[in-house]
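Here is a short briefing on one helix and its surroundings. Please look over the sequence and the model before reading on.

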Amino acid sequence: MSMNDDQVFYISKDQFQKLRVDFVKHMDDIKSFLDEALSNGLLTDSHKESIMSERDSNNQKRRLHEILERN
């Protein structure tokens with residue numbers, strides 16, 4: 001499989017919740033992630049604005065996780 005091929009991974013809601021702590025702890029560059037997620041249609045501009053309105057970077061990551069969980 002080449003780097004350009006789309007891959008889809010499915011995890012349960014419970015698995016996704018368990019990953020939250022690691023997700024928040026290990027995401028280094030939320031701005032780049034948001035830009036990529038916007039360009040791929042995973043998030044909208046209003047999602048990005050909502051996330052970036054959080055003052056603390058950990059709260060931004062938690063907000064992102066909440067949005068992804070709902071989608």
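A polar contact is a pair of N or O atoms within 3.5 Å; within protein, one must be able to donate a hydrogen and the other to accept it. Asp56 caps the N-terminal end of H5, with a side-chain oxygen 2.9 Å from the backbone nitrogen of Asn58. The model is predicted.

**Domain record**
- An unreviewed UniProt entry lists residues 8-71 as "domain: CARD".
- Over residues 8-71 the chain is 70% helix and 0% strand.
- The end C-alpha atoms of that stretch are 14 Å apart.

**Helix H5**
- Helix H5 covers residues 57-70, 14 residues in total.
- From first C-alpha to last, H5 reaches 20 Å, close to the 20 Å expected at 1.5 Å a residue.
- Buried in H5 are Gln60, Lys61, Arg63, Leu64, His65, Ile67 and Leu68.
- Their cover includes helices H1 (13-18), H2 (20-26), H3 (30-39) and H4 (45-52).

**Lys61**
- Lys61 sits in helix H5.
- Lys61 is buried but has no salt bridge.
- Asp28 is the nearest side chain of opposite charge, 6.0 Å away; a salt bridge needs the side-chain nitrogen within 4 Å of a carboxyl oxygen.
- Not counting residues up to four places away in sequence, Lys61 touches Phe23, Val24, Met27 and Ile30.

**Asn59**
- Asn59 also lies in helix H5.
- Asn59 counts as partly exposed because its relative accessibility is 33%.
- The C-alpha atoms of Asn59 and Arg20 are separated by 12 Å, with the two residues 39 apart along the chain.

Technical notes
Residues are numbered from 1 along each chain as its sequence is written. This is a predicted model: local features need pLDDT of at least 70, side-chain atom pairs count only at pLDDT 80 or more; totals for chains, interfaces and linings use all residues. Side-chain values use heavy atoms; hydrogens and water are left out. Helices (H or I, at least four residues) and strands (E, at least two) are DSSP runs, numbered from the N terminus. The expected span of a helix is 1.5 Å times one less than its number of residues. Buried means under 20% relative accessible area, exposed over 50%, partly exposed in between (1.4 Å probe, protein chains only). Contact means heavy atoms within 4.5 Å. Lys and Arg count as positive and Asp and Glu as negative; His and the chain ends are not counted. UniProt positions are given in the numbering used here, feature names are shortened, and annotations may be inferred rather than shown by experiment.
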